[in-house]
Amino acid sequence: TKRLLTVISNGVNFFMQKVKKKPQTQKLPMGAVATEHPQPDVFLDNLVRVIGNFGFQQILLPVVEERKNFTKFQEHSRSFADNMLTVPDLTEGDMILPPTKMPAVIRRYLANVKNEGPHVSKWFHLSPIVRFVKDKYEPVHELGLYVLGEDSALASVQLINIAAEIFRELGSAEFMIQLNSLGCKACQKNYQELLSNHLVKGLERLCSNCEEDFEKNPLVFFRCPNPPCQEIASSAPPIIDSLDEACKTNLTGVLESIDELGIPYTLNPGLIPQFLREKVVFQIVSADDPGHLIGYGGNFSSYALEANMSEQVAVMGFLTTFEKLMTTVPDERRRLGPKVEVFMVPLGSIAVRKAVALHRDLQHSGILAAEAMLSSTSIKNQLKAAVAKKCEIA
């Protein structure tokens with residue numbers, strides 16, 4: 001148990017030495033050195049506050065997971081198989097530090113459905129993950145927002161709205177939301193026939209993976225990094241022209257709602273984010289640099305089927321990282337969050353005891369109060385803290 005706790009503690013924030021050549025088996029050294037990250041306490045507090053205001057409940061997810069939880073998802077297996085970081089000697093199982101927490105969220109919800117029956121939940125998590133980027137491991141903190149148990153235009157709108165509000169409330173730089181619809185399975189079957197005619201002369205140019213997956217997922221080559229596949233995708237007809245009435249109505253409902261909310265967006269018929277396979281999808285990019293992806297979201301319901309569910313369970317989500325959000329918000333535009341009404345500066349040890357009780361009573365009365373009494377802080381420094389929090393009363 002002590003060793004397990006040690007590994008988990010070291011695994012939350014760590015750094016890996018640069019890897020010149022990607023090894024066949026990636027393992028985390030037991031003596032990993034912790035990385036020093038800035039402590040953006042105010043930013044983190046504000047982020048959690050904004051998300052909580054929209055009714056999302058925070059869930060805690062395991063730091064390490066079994067490798068098989070990813071290999072059962074074909075797209076995840078193909079994208080992460082060679083780059084998942086193994087945790088050695090932890091258990092008899094094949095444990096990794098995961099590259100995303102999305103499968104863990106789905107498993108948690110499916111367990112709840114099994115115990116409680118169908119229901120709608122709004123969850124979020126902020127969890128450490130490890131990704132392999134440019135020949136080295138990169139520890140980041142994934143932020144996931146999920147609406148589980150309902151697949152509707154309203155669920156899509158709520159995710160898009162909270163993502164936009166996070167940027168607005170935290171004083172982010174200008175951003176743009178791009179939207180598209182990948183249709184349902186029926187739409188994609190019709191689109192597959194259209195694509196087959198388009199691919200008649202270029203089918204032999206597809207890579208082996210795209211050729212193998214085309215029958216099951218006709219959108220697969222749109223995400224393929226191979227130049228021949230990208231060239232074919234660039235001239236392919238957009239799937240939005242093949243939507244049936246239900247999917248058109250769903251997309252129209254989303255667009256009309258975000259119009260009413262005043263959220264900036266563009267309709268991008270070529271948008272097919274990685275790991276998303278159906279219905280309305282969206283991504284948030286920098287308004288100045290549309291190529292700078294900040295986060296993406298949409299319908300992850302197909303993964304619930306792959307997790308051995310007999311029936312499809314609705315899973316809507318938005319994914320980004322805490323680090324990406326930090327880079328979009330300039331220091332001078334970061335807000336301090338809810339206004340503190342009263343700041344207490346006790347004069348002496350007896351006053352400290354009174355101030356602690358007064359602080360509690362003010363909070364119970366719904367008055368936002370603050371203090372900076374620890375570490376024998378001088379009165380001068382406490383008054384500076386009151387100024388920093390823009391308190392009207394000290």
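**A colleague's note on the predicted model**

1. Buried residues (under 20% relative accessible area with a 1.4 Å probe, protein chains only) account for 47% of the 394 residues in the protein chain. This is a predicted model, in which local features need pLDDT of at least 70, side-chain atom pairs count only at pLDDT 80 or more, and totals for chains, interfaces and linings use all residues. Residues are numbered from 1 along each chain as its sequence is written, and side-chain values use heavy atoms, with hydrogens and water left out.

2. You will find 14 helices and 13 strands in the protein chain; these are DSSP runs, H or I of at least four residues for helices and E of at least two for strands, numbered from the N terminus.

3. Take a look at the open sheet of 3 strands, ordered β2-β4-β3 with antiparallel pairing (strands pair if DSSP finds at least two bridges between them). β2 (65–66) and β3 (85–86) are at the edges with a single partner strand each, so one side of each has no neighbour in the sheet. Between β2 and β4 (residues 95–97) there are 2 bridges, and glutamate 65 has isoleucine 96 in β4 as its bridge partner.

4. As for contacts (heavy atoms within 4.5 Å), of those in the protein chain between residues at least 6 apart in sequence, 70% join residues at least 24 apart.

Definitions and conventions. Buried < 20%, exposed > 50% of the residue type's maximum accessible area, 1.4 Å probe, protein only.
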